[in-house]
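Please open the model in your viewer and keep the selection tool at hand. The stops below each name what to select and then say what is there.

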Amino acid sequence: MFRSFAFYGDLDQRLKDCGVVLNTENITNANGMFDYAHSVTKLPHLVLTSPIILSLTFYGMTSLKSVEVTLGRETSYSDTFHTCPALENLLVHGTIGQNGFKVSDSTKLTHDSLMSIINCLEAKTSGTWTVTLGTENLAKLTDAEKAMATQKGWTLA
């Protein structure tokens, strides 16, 4: 939809200024939705709760600093936030229930962003479940905060 979009700045505010609401509630595939939109710094709140594949959705958004997402437990991930080095504010709502959620390229994430990820992890009782935050982001969390994820059955990488 916005692949290689050549807009510079805050897309959230621009859409509001134009009276446009980006409704993503019923989409089932967001592969590459914003990939290579290099100059976008902020996206509107995206509701991605239907059984959806988030493959390369924000790939290569090198200027992205802020996005709010609502996820569903069946949402699947593949390099969703790959190459988003400027990302600071990632506010996550809903449930992360599948493997593949990875933000290790986003080393500037705030503590609040990391906690919103941990708070959205679905409690698991069996299987192998991993969320990849990366070494630099893990260093921002206390042992007690990391334990919140492991107590839900998740491995932090």
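Start with the largest cavity, which holds about 40 Å³ of space, where a cavity is a set of points, on a 1 Å grid over the protein atoms alone, at which a 1.4 Å probe fits but cannot get out, and where the volume is the space filled by probe spheres set on the points, joined across faces, edges and corners. The structure holds one cavity of 30 Å³ or more. This is a predicted model, in which local features need pLDDT of at least 70 and side-chain atom pairs count only at pLDDT 80 or more, while totals for chains, interfaces and linings use all residues. Residues are numbered from 1 along each chain as its sequence is written, and side-chain values use heavy atoms, with hydrogens and water left out.

To see the lining (residues with an atom within 4 Å of a point), select Asp-79, Phe-81, His-82, Lys-102, Val-103, Ser-104 and Asp-105. This lining divides into two nonpolar, two polar and three charged residues, with Ala, Val, Leu, Ile, Met, Phe, Trp, Tyr, Cys and Pro counted as nonpolar, Asp, Glu, Lys and Arg as charged, and the others, Gly among them, as polar.

Phe-58 and Phe-81 are a stacked pair because their ring centres lie 4.9 Å apart and their planes meet at 15°. This pair links distant parts of the chain, 23 residues apart, with Phe-58 in the loop between β4 (53-55) and β5 (66-71) and Phe-81 in the loop between β6 (76-78) and β7 (89-94); strands are DSSP runs (E, at least two residues) and helices likewise (H or I, at least four), numbered from the N terminus. Phe-58 has 0% relative accessibility and so counts as buried, the term for under 20% relative accessible area with a 1.4 Å probe and protein chains only, against over 50% for exposed and partly exposed in between.

Finally, select helix α2 (residues 111-120), where seven of the ten residues are buried, among them Leu-114, Ile-117 and Cys-120. The buried residues of α2 pack against β7, β8 (129-131), α3 (135-138) and α4 (143-151), contact meaning heavy atoms within 4.5 Å.

Definitions and conventions:
1 Å grid on protein atoms, 1.4 Å probe; cavity = no way out; pocket = protein on both sides within 12 Å on 5 of 7 lines; lining within 4 Å. Phe/Tyr/Trp six-rings, centres within 6.5 Å; stacked < 30°, edge-to-face > 60°.
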